[in-house]
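Open the model in your viewer and keep the sequence panel beside it. The stops below say what to select and what is there.

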Amino acid sequence: MLRIDGLNAAYGRIKVLWDLSLSVGSGEAVGLFGPNGAGKTTLVNCVIGFLKPISGKVLFQDKDITGMEPHEIVKLGIALVPQERELFPNMTVEENLRAGANYVPHARERMLEAFDLVFTLFPILKERLKQKVGTMSGGQQRMVAVARALMSFPKLLMLDEPSVGLQPSIVSELFSKLREIKNQGVSILLIEQNVKQGLKVVERGYVIENGRIVLEDSSTNLMNNEHIKKAYLGL
Ligand SMILES: Nc1ncnc2c1ncn2[C@@H]1O[C@H](COP(=O)(O)OP(=O)(O)O)[C@@H](O)[C@H]1O
Ligand SMILES: [Mg+2]
């Protein structure tokens, strides 16, 4: 589904990603864990086309998408829930959701179906359609951000630290939704600093530190890994 091969990326002269390789299989949920400043957001920015890598390749469904424009990449079936969520606070839930489908022709044609899909997943959004997003709780806004990404019928959903700032019960709720989304056949790349909760969603994970992948294993093995226990789980 997604394959990143030997990616190098920089901001001006400052190199941030070093020979980074990572893959997400069809229907698979994969984690990318690492501390602040490790390069996680830079990596998704390279995938979605906000940042052009210096070298290396990004393949999506065997198609080379390296250096393509974001709107073209979204059309191919990749959606991102960005770290800066970029919802429109003065617009209603409905308007924000529509915006998620508007730039993707095949999704625009299936807008009603898309609404049904996100209402099944997040029933509360149906009741709140006319509410301005800026007046909702942090947890509800996060649900809107995920729902908006789903409005484009993505094959791959990437989430950049979706748990930040949410209380633990809301994180559990949100992550159980991610499992439902995966069960519907959407591949997931979950970026998290909350490794403990994140490992419950994904089957496999990578650890990125200082722009390099330092560890790659199944969730079970990562949970029992000494470095993970010490550095990320506080054990
Ligand atoms: N727009 C930018 N310009 C210059 N440096 C940046 C920019 N964005 C991020 N960086 C730097 O790149 C490194 C990786 O950042 P980032 O990908 O945001 O890490 P993470 O998402 O893992 O916290 C950090 O050292 C950060 O300071
Ligand atoms: Mg980040």
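Select Gly6 and Asn8, and show the side chain of Asn8. In this predicted model, a polar atom of that Asn8 side chain lies 3.4 Å from the backbone oxygen of Gly6. Asn8 belongs to strand 1. Is Asn8 buried or exposed? Its relative accessibility is 12%, so Asn8 counts as buried, the cut-off for buried being under 20%.

Stay in the strand and select Leu7. Leu7 is part of strand 1, which covers residues 2-11. With 0% relative accessibility, Leu7 counts as buried. Leu7 and Gly139 are 132 residues apart along the chain, and their C-alpha atoms are separated by 34 Å.

**The whole chain**

Zoom out and colour by secondary structure. How many helices and strands are there in the chain? The chain has 11 helices and 10 strands. Its radius of gyration is 17 Å, close to the 18 Å that the globule rule gives for 235 residues, so the chain is as compact as a globular protein of that length. The C-alpha trace spans about 45 × 40 × 30 Å along its principal axes. Of the 235 residues, 53% are buried.

**Ligand 1**

Select ligand 1 and show the residues around it. These are Tyr11, Val16, Pro35, Asn36, Gly37, Ala38, Gly39, Lys40, Thr41 and Thr42. Sorted by class, this shell holds 4 nonpolar, 5 polar and 1 charged residues. Which element gives the most to the shell around ligand 1? That is helix 1, with 3 residues.

Next, look at individual atom pairs. Start with Gly37: one of its polar backbone atoms is 2.7 Å from an oxygen atom of ligand 1. Move to Gly39, where a polar backbone atom is 3.0 Å from an oxygen atom of the ligand. Then turn to the side chain of Thr42, which has a polar atom 2.5 Å from an oxygen atom of ligand 1. Taken alone, ligand 1 exposes 560 Å², and the protein buries 57% of that.

**The magnesium ion**

Select ligand 2, the magnesium ion.

**Two backbone angles**

Most residues other than glycine have a negative phi. The next two selections have a positive one.

Select Phe153 first. Phe153 is not a glycine, yet its phi is positive, at about 50°. Where is Phe153? Its place is in the loop between helix 7 (138-150) and strand 7 (156-160). At 16% relative accessibility, Phe153 counts as buried.

Then select Glu161. Glu161 has a positive phi of about 50° and is not a glycine. This residue lies in the loop between strand 7 and helix 8 (168-183). Glu161 is buried, with a relative accessible area of 3%.

**A side-chain contact**

Select Glu192 and Ser163, and display both side chains. The two side chains make a polar contact of 2.9 Å. Glu192 is in strand 8, which runs over residues 187-192. Is Glu192 buried or exposed? At 1% relative accessibility, Glu192 counts as buried.

**Last stop: helix 7**

Select Met143, which is found in helix 7. Met143 is buried, its relative accessible area being 5%. Met143 and Arg3 are 27 Å apart in space and 140 residues apart in sequence.

Methods. Residues are numbered from 1 along each chain as its sequence is written. Chains are lettered from A and ligands numbered from 1 in the order in which they are written. This is a predicted model: local features need pLDDT of at least 70, side-chain atom pairs count only at pLDDT 80 or more; totals for chains, interfaces and linings use all residues. Side-chain values use heavy atoms; hydrogens and water are left out. Donors are N, O and S atoms within 2.8 Å of the metal (3.2 Å for Na, K and Ca); water is not among the atoms, so sites may look incomplete. A residue is near a molecule or strand if one of its heavy atoms lies within 4 Å of it. A polar contact is a pair of N or O atoms within 3.5 Å; within protein, one must be able to donate a hydrogen and the other to accept it, and residues adjacent in sequence count only if both atoms are side-chain atoms. Accessible areas come from the Shrake-Rupley method with a 1.4 Å probe; for residues, only the protein chains shown count as cover. Helices (H or I, at least four residues) and strands (E, at least two) are DSSP runs, numbered from the N terminus. Ala, Val, Leu, Ile, Met, Phe, Trp, Tyr, Cys and Pro count as nonpolar, Asp, Glu, Lys and Arg as charged, and the others, Gly among them, as polar. The radius of gyration is taken over C-alpha atoms; the globule rule is 2.2 Å times the number of residues to the power 0.38. Buried means under 20% relative accessible area, exposed over 50%, partly exposed in between (1.4 Å probe, protein chains only).
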